[in-house]
Amino acid sequence: MITTLTPTRRDFLKAGGALIVSFSLPFAHDAFGQPKPDPRTQELDAWLAVGADGKVTVFTGKVELGTGVETALAQIVAEELGVPFNAITMVMGDTARCLDQFATVGSLTIYRAGPQLRQAAAEARHTLRELAAARLGAPAEQLSIRDGVVSTADGKRVTYGELVGGKKFERRFSGSAKPKAPGEHAIVGKPIPRVDIPAKVFGSHAYIQNVTVPNMVHGRVLRPPVHGASPVLVDDSALKRLPGNPRVVAKGNFVGVVADTEEQVMRAAQALKVEWGAAPVLPEPGELPNLLRGARAATKELVGTGDAAKAIAGSAKTLQAQYFVPYQLHASIGPSCAIADVRADGATLWSPTQSSFLTRGVVASILKLPADKVRLIWIEGSGCYGQNGADDVTGDAAVLSQAVGKPVRLQWMRRDETLYEPRGPAMVMAVRGGIDGSGNVAGWDYQVWSPNHAGRPFAGMGGNLLAGEEQGMGQRFIQAGADRNAKNSYAFANQRVVLHQLEGTPLRSSSLRGLGSPQNSFANESFIDELAAAAGADPIAFRIKHLKDDRAIAVLQDVAKLSNWETRPSPRGDRSSGVGRGVAFVQYDNYSAWVALVAQVRVDRASGKTRVERCWVSHDCGLIVNPDGTRNQIEGNIVQTISRALFEEVKFTRRSVDSVDWASYPILRFSDVPDEIVISLINRPDKESLGAGEPAASPVMAAVANAIFDATGARLRSVPFTAARLKAAMA
Amino acid sequence: MTLNITVNGKRHAVQAPPDTALLYVLRNELNLKGTKYGCGLAQCGACTVHIGGRPTRSCVTPVSAVNAPVTTIEGLGTPDKPHPVQQAFIDEQALQCGYCTNGMVMTTAAFVAGNPKPTEAQIRAALEGNLCRCGTHMRILRAVRKAAGVRA
């Protein structure tokens, strides 16, 4: 069951303010049903501590998901505090030590938590300067600060360690600390190597999968081939002969097993016989687009400018098209893992979650413990790209630990992760448009049908995690993400954009990188290409003439230059080479980074196979904190989304979900990787930093589809762009 | 039963059922956690170690079938004395989450040892069985070229 709540993500972004640092943080508390903002947000000690050795410990509710924010946030603090970069240690996502700065989602970390940490560090520097002024007997404004040392002009000095080392600041924010001007930056803007990379390369990094706690035993869960089936028989007779004290934990539809060692629990899980009852019948896969279009939905007009229907009816040329993106997976390389130590009076959870505080609240509900008696210690897991199995496995481990009275480590198996991670939802987009006599877009009418993209832990609702749902606990979800980039960036005089937010989802789903943005952008940026072709116009020139936003135009002009773009309409005249290029432009979530991407494909006309050979991308995310980290995110977004565009689809039948491993859910391999990705970073030191964790994913599907059209004249409107689909389209 | 295996130059007497996957012996008995569980099906490469210098999937190798010395990523190099492939991965910042990195580094180390001056096609073929989900392939390829002493 899904209940619609009124605030949208954009509403609470507005409520939080974009430019002004709001310390009534985090901004999404009320919408996500969290407790009131923590009053400690105004206290310096809640954010950072300076040791006697001058080393600085920073406490943040944001976590490292493999995107490099541990390094980038440390750069921001080091810059503002006036200490060397290597003086900083980040403590992330521990509910007992860190403030809730909201989940690490939505490319919001540098954008939202960056300014919060910058302000906290500026306040600390301001305080340290005052303390130094008293100590050195000199006016504060005449002191200089460098590398954690405060000096007078005549050479008297005192270190941060000497001023507060090991003690608390015991100060509230003054409100008068001003962050440095971008022109003064010496650490922000530098490609500082990531702090986590050496340990990852030497095999010593402490992933959650590597953590052990004293007296820990091991768990596994058993789940049906289709979500929602109940166990009708649990036969543990074979377990009695096995070593390791194997023990079954069955509660409602939840079935797990615990044993002393990991090898023993895997053998026990294999030996345990569970028969599952009737499962919900799934849709016929080929019917999914029609089913989504016909499902119960809350319909909302997101844009209504002019009269789209009338303008289209009166245009010289009209077009319509439907686009489809199937269910896709996060497909993390490491199956999710967590450890739980549940005691009578409280619990400790070690979890790779994106949302320490929300997940703690939901797990506490499942355990029937007060949330403040549960501590969640975040530990990095495999890259997640949204809500993979990290939260569910935390609930599973907690239920097992509570049942056996010992700490339990549980790593999901490959089948568990592939079959039970909350998938990225399938979406259908239908667009109608018209061109007037002078080749301009006269009208644009866009509709999207999508399940919810936010099946996250929320409001202490136990049923939002598998272990709670299987015990019959209630569910409630915030509705978010289906509308992301449904609205285009073009200044069409007559347009309508309509969201059909589906009440249910045929397959359990939640947030996958970009939420609805890659899918909506696939439709928007494919259809504008279709209109450009109908108008006989160059795809970049056609976009630019319908844009008013300077930063949008700038990335398109930049990528045209970068890619040596040949100005002409698509498709190309001579199609014998099988080579074509396509462009797509997105301003992520209509407020964040601007990205323009040109993809060059080579299509093998005989087989229908497509390879993306080259990409050129221009990316404007405001002030860049770490240019190499930004490049790494851009490359990753592009390569991962090429994989989604060419290969990925959750396979199912009416009776089974068939994507269970890498053979049945193939992703891109090295032979599929482009020869080259050329990146142009547009740095804007005078503009706020925007996130880079998702934006470059959004234009990829459309740029590839447009390139295939350029190469072949065939238009693919369903992801993935398989050889069979392209052959059929070319026939 | 007791099985004798040599890992990173040290002999170990391991108590384990003979069909136990080498991966679990390394991780849970010998506390060598650089080797990762990814699929248990030899599909992703995260568990790659060297057995007798050959890159091998430890998740499907029974410990009783280990008939040559094993090298794990912990035995390949250290921060003080990094293997050239590890140094190249650091230089190129060739990862994001790093969960696949063990397999990428171990596969590459065996590959460059046996293939001086490889072609681009040979490099890609060598890594074809290793999956990365963060999409750091461009950087991994740069690191491999660097370690192999070839230019793109």
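How many bridges join strand β23 of chain A to β24(A), and do the two run parallel or antiparallel? Seven bridges join them, and β23(A), residues 610–620, runs parallel to β24(A). Helices and strands here are DSSP runs numbered from the N terminus (H or I with at least four residues for helices, E with at least two for strands), and two strands pair if DSSP finds at least two bridges between them.

Before going further, some ground rules. This is a predicted model, where local features need pLDDT of at least 70 and side-chain atom pairs count only at pLDDT 80 or more, while totals for chains, interfaces and linings use all residues. Residues are numbered from 1 along each chain as its sequence is written, with chains lettered from A and ligands numbered from 1 in the order in which they are written.

Back to that strand pair: W616(A) stands opposite V678(A) in β24(A). Both strands belong to an open, mixed sheet of four, ordered β21-β22-β23-β24 in chain A. Its edges are β21(A), 579–587, and β24(A), 676–682, each pairing on one side only. From one strand to the next, the twist averages 15°. Lying across β21, β22 and β23 of chain A is helix α17(A), residues 700–712, which runs at about 150° to β21(A). Axes are lines fitted to C-alpha atoms (for helices, over the stretch in contact), and angles run from 0 to 180 degrees between N-to-C directions.

Chain A also has an open antiparallel sheet of three strands, in the order β4-β5-β6. There, β5(A), residues 149–151, pairs with β6(A) over three bridges, and V149(A) has T159(A) as its bridge partner.

Hop over to chain B for a helix pair. Helices α3(B), 84–91, and α4(B), 101–114, pack at about 130° with axes 9 Å apart. That makes the pair oblique, the class left over once angles under 35 degrees (roughly parallel), over 145 (roughly antiparallel) and 65 to 115 (roughly perpendicular) are taken out. On the α3(B) side, V85(B), Q86(B) and F89(B) meet residues of α4(B), including V105(B) and V112(B). Contact means C-beta atoms, placed from the backbone, within 7 Å.

Finally, the two chains meet: 43 residues of chain A are in contact with 44 of chain B. On the chain A side, α5 (197–201), α6 (262–271) and α16 (627–647) each supply at least two residues, and α16(A) gives the most, with eight.
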